[in-house]
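Good morning, and thank you for making time for this presentation. Please have the sequence and the model open as I speak.

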Amino acid sequence: MAIVRPFKGIRPRPDSASAIAALPYDVMNSLEAREMVKGNPLSFLHIDRPELNFPVGHDMYSYEVYHMARTVFNKMRDDGHFIQDEKPVYYIYQQTMDGRKQTGLVARTSIDDYANNVIKKHELTRKEKEQDRVRHVDAMNANTGPIFLTYRNKADISFIMQNWAAKHQPVYDFVTDLGVGHTVWIIDCPGTIDEITNAFASIDSLYIADGHHRNASAVKVGELRRAQNPGYTMDDAFNYYLSVIFPDNELGIMDYNRVVKDLGGLSAAEFIAKIKDKFDVEEHGGGQYKPEKRHMFGMYLDCKWYKLTAKPEFINENDPVGCLDVSILQSLLLTPVLGIADPRVDARIDFVGGLRGLGELERRVNSGNMTVAFSMFPTSMDELMSISDANELMPPKSTWFEPKLLSGLFIHELR
């Protein structure tokens, strides 16, 4: 059973919400974040990426940087930009993008559910990225970036939230510069809160959609607090962390494309000849090529688009990880032909989220920074859940979810 709990959220004052709310810290680098906050002293990036409060080049992993996150937050709170609800509540968080809505429950989830695999993973995490967020959460004594979770849709949960939203006014309702709508309602009725808690108790599994590093870090801080407080009870806030939980049927996964710096010493002709061993290769005369089904790939090389189709004899459909398109490209092309054995650490490969479009792949190659690009067919929710259920792991950069959850709208204190 999945444990979810309401909480006394710290959140922006309604007239400050749109200015405070910011994209997650990990979808931009430090220089991009500095550009994003120009002219907006309230941006939550000043807290989520506290190195922005120091000169360029300052060690972003130093103690004083993490301490600054709490200092900035405390000042904004003292200035009245943040308020706290007086009793534990749930929140409904609805996002609207290109006419598609996804509606999630903002709640506390259990660090024990993560340890016991009720909350299931599909990606490895990197220690240095975990440690960054451990230090941030520890210094803040709060979860500030929600984990993006999903579950197999249950009609009764959707009905409860839809019914509540239809009968109540939202506390936030704004559209970002990216054209994404963000609407929030507070569920403060004890009876409805109990209904939701009990409904989730009948769910066997929650799945991490996005935020594996944030999740692992939040759990490690909770475990640290337990060690520091041996007399703790399950009422203590540090036993839980901040999540937004969406039904799977409302979510959209976008393509997560690849660009590669060089052809490993091969000429373009030699490279194409080599990949023909395991792919059918066809020049695509109609401009950009976006794969229309599984096991098909676009390739941009020398100002031309190609359509690649993996030969079926090299695909094991009984292997849930091996038959993923990201695995096929890796095992049949990137490793044997280009010599990229571990895409997590190889500097020759980079990844481009589908929101940037295929034009970004062309730009990266045409600029001379990259030599070849591959457009992917998106991983499906069924694939993600099947792999998680099998306790298997996806290759890195397998999924790109949009829209992103904004940070700064909900804060869960650990005290």
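Where is the place of Pro403? Pro403 sits in the loop between strand 20 and strand 21 (412-413), where strands are DSSP runs of E with at least two residues, helices are runs of H or I with at least four, and both are numbered from the N terminus. Before I go further, a note on conventions: this is a predicted model, in which local features need pLDDT of at least 70, side-chain atom pairs count only at pLDDT 80 or more, and totals for chains, interfaces and linings use all residues. Residues are numbered from 1 along each chain as its sequence is written, and side-chain values use heavy atoms, with hydrogens and water left out.

Lys404 lies over the face of Trp400, at 4.1 Å from the ring centre; a charge sits over a ring if NZ of Lys or CZ of Arg is within 6 Å of the ring centre and within 35 degrees of the ring normal. Elsewhere, the charged end of Lys278 sits over the ring of Phe314, 5.5 Å from its centre.

Two backbone angles also deserve mention. Most residues other than glycine have a negative phi, and most peptide bonds are trans. His295, in the loop between strand 15 (279-284) and strand 16 (296-301), has a positive phi near 70°. At 11% relative accessibility, His295 counts as buried, since buried means under 20% relative accessible area, exposed over 50%, and partly exposed in between, with a 1.4 Å probe and protein chains only. Lys397 has a positive phi of about 60° and is found in the loop between helix 13 (381-389) and strand 20. Its relative accessible area is 32%, so Lys397 is partly exposed.

I turn to the aromatic residues. The whole structure holds 13 aromatic pairs, meaning rings of Phe, Tyr and Trp (its six-membered ring) with centres within 6.5 Å; planes under 30 degrees apart count as stacked, over 60 as edge-to-face and the rest as tilted. Phe148 and Phe401 form a tilted pair, 5.3 Å centre to centre with 50° between the planes. Because Phe148 lies in strand 8 (residues 147-151) and Phe401 in strand 20 (residues 400-401), this pair ties together parts that are 253 residues apart in sequence. Both Phe148 and Phe401 are buried. Ring pairs also link Phe7, Tyr91, Tyr93 and Phe410 into a cluster.

Next, the cores. The largest nonpolar core has 61 residues, and Phe271, Met299, Leu333 and Phe374 have the most contacts inside it; such a core is a set of buried Ala, Val, Leu, Ile, Met, Phe, Trp, Tyr and Cys residues joined through side-chain atoms within 4.5 Å. Helix 11 (residues 325-334) supplies the largest share of this core, six residues. A second, separate core of 32 residues includes Tyr90, Ile160, Ile187 and Ala216.

Finally, helix 9. Twelve of the 17 residues of helix 9 are buried, among them Ala216 and Ser217. Ser217, in helix 9 (residues 212-228), has a relative accessible area of 0%. A polar atom of the Ser217 side chain lies 2.9 Å from the backbone oxygen of Glu130.

Notes:
Polar contact = N/O pair within 3.5 Å; in protein donor to acceptor, adjacent residues only side chain to side chain.
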